[in-house]
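Subject: Structure handover

Hello,

Here is the structure you asked about. My notes on it follow below.

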Amino acid sequence: PQLATDSTLIFPPEVSPPNSLTATYLADQVNNDQVLATIPDYTEKKVGDVITWYWASSDTDVEVVDTLTLKIDDITGGLPQLAFSGNMIRNSGDGKRYAYYQIEDRAGNVSLDSEHIELQVQATLTPRNLPAPKIKEASGTGNTVILDPMNARQGVTFVIPETQDIHPGEKVRVLWGREGKPGYYVSEWVELPLDRLISVSKAYMPQNMGYSFTVKYQVQIMDGSADQGIDSKTLTVNMNMVQSSGLPYAVCASTSVSIGNFPVDGLDVKLKLEWFWILPGQYVRIWAHGVSGIQPAAEFVLEAGLEVTEANVGDTIMWKIMAADLAPFKIPSELTVVTVFSFDDKETWMKEDQDRRYFLDLEK
């Protein structure tokens, strides 16, 4: 095959000498993380001609980029452009690089190399200044803030700081909570809103109460991986546990009970599954303890771990204390019915000073 008199590949003027092929050019969504080059038309094009194009840093360090075989539409409608991917360009490194091509016909005859075009490549991603986010509902300054659950009843809002290192058209996402644990959340990639605010739903709040964790945002980079991102600096969030006074507790049908006249069907204990931030996947545990007639203390479990589901939210759940349950206890004395919650799929339970208690007098 006879190449054009000037056979040099034609690159976009933005990357051609004296300009450079930069990371910014590849990151531009319009360019789809690649650079396209046009082949000067050549005579006697035929269906079945195979075009092979190359990327080289020297005469000896040469990489075959790709090949294509011409079809009838390529002959009648114009030669297709050749693509040099961002991944290939970055992996080859920065500096002077040379692009060229060859054409082989169906009989195996190979053309001479095209003229080499010298490109200056600056495709390595430079470090970016991505300051830590702020949480609008949290209090405090610096690298650590405190989040009161009552201020996050509708979720939280990430505030992305002003920075020159998020380029127009780039997408961002936020990461909230403890990675791999209940309540961990990674948002979808979105273009940075004009107000620089990204919200996280209240559905991801209760699981993180009582924990300290770091949050950040990421800026998407065009490297062929949709999930690849550059991390911002992190912000530490200390999230308080909700005050127990805002939670319900199991209550008995009366404040005192006579052992000598105990209800035949048992004493009702009930709890309404309705509280601040109730969500499926939370659990309730209920037990009773008091003074033993023989040992220092006695107890029995009413509920080892009731799961909150979509179906039972808002329901009133009933248990029974039977006369036999009270046999180990000293009479008269006081029985304490304790209610505790787990908001993180039973990974932890509320501490003793955070539980809810109901006191029942045991009488003769």
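Is Lys-346 buried, partly exposed or exposed? Lys-346 counts as partly exposed because its relative accessible area is 43%, and buried would need under 20% and exposed over 50%. Please keep in mind that this is a predicted model. Lys-346 sits in the loop between E24 and strand E25 (356-363), and has a positive phi of about 70 degrees without being a glycine.

Asp-33 is another non-glycine residue with positive phi, near 55 degrees. Asp-33 belongs to the loop between H1 and E2 and is buried, at 8% relative accessible area. Asn-31 lies in the loop between helix H1 (23-27) and strand E2 (34-37). Asn-31 is buried at 16%, and its side chain reaches the backbone oxygen of Tyr-25 at 2.8 Å.

Two cis peptide bonds to check on your screen:
- Pro-17 to Pro-18, omega about 5 degrees; Pro-18 is in the segment before strand E1 (20-22).
- Ile-331 to Pro-332, omega near 0 degrees; Pro-332 is in the loop between strand E23 (316-321) and strand E24 (333-342).

The largest pocket has a volume of about 160 Å³. Its lining includes Met-209, Tyr-211, Trp-349 and Lys-351, and divides into five nonpolar residues, three polar and one charged.

Regards

Definitions and conventions. Residues numbered from 1 in each chain as written. Predicted model: local features only at pLDDT ≥ 70, side-chain atom pairs only at ≥ 80, totals over all residues. Heavy atoms only, no water. Helix = DSSP H or I, 4+ residues; strand = E, 2+ residues; numbered from the N terminus. Buried < 20%, exposed > 50% of the residue type's maximum accessible area, 1.4 Å probe, protein only. Polar contact = N/O pair within 3.5 Å; in protein donor to acceptor, adjacent residues only side chain to side chain. 1 Å grid on protein atoms, 1.4 Å probe; cavity = no way out; pocket = protein on both sides within 12 Å on 5 of 7 lines; lining within 4 Å. Points joined across faces, edges and corners; volume = space filled by probe spheres on them. Nonpolar A, V, L, I, M, F, W, Y, C, P; charged D, E, K, R; others polar.
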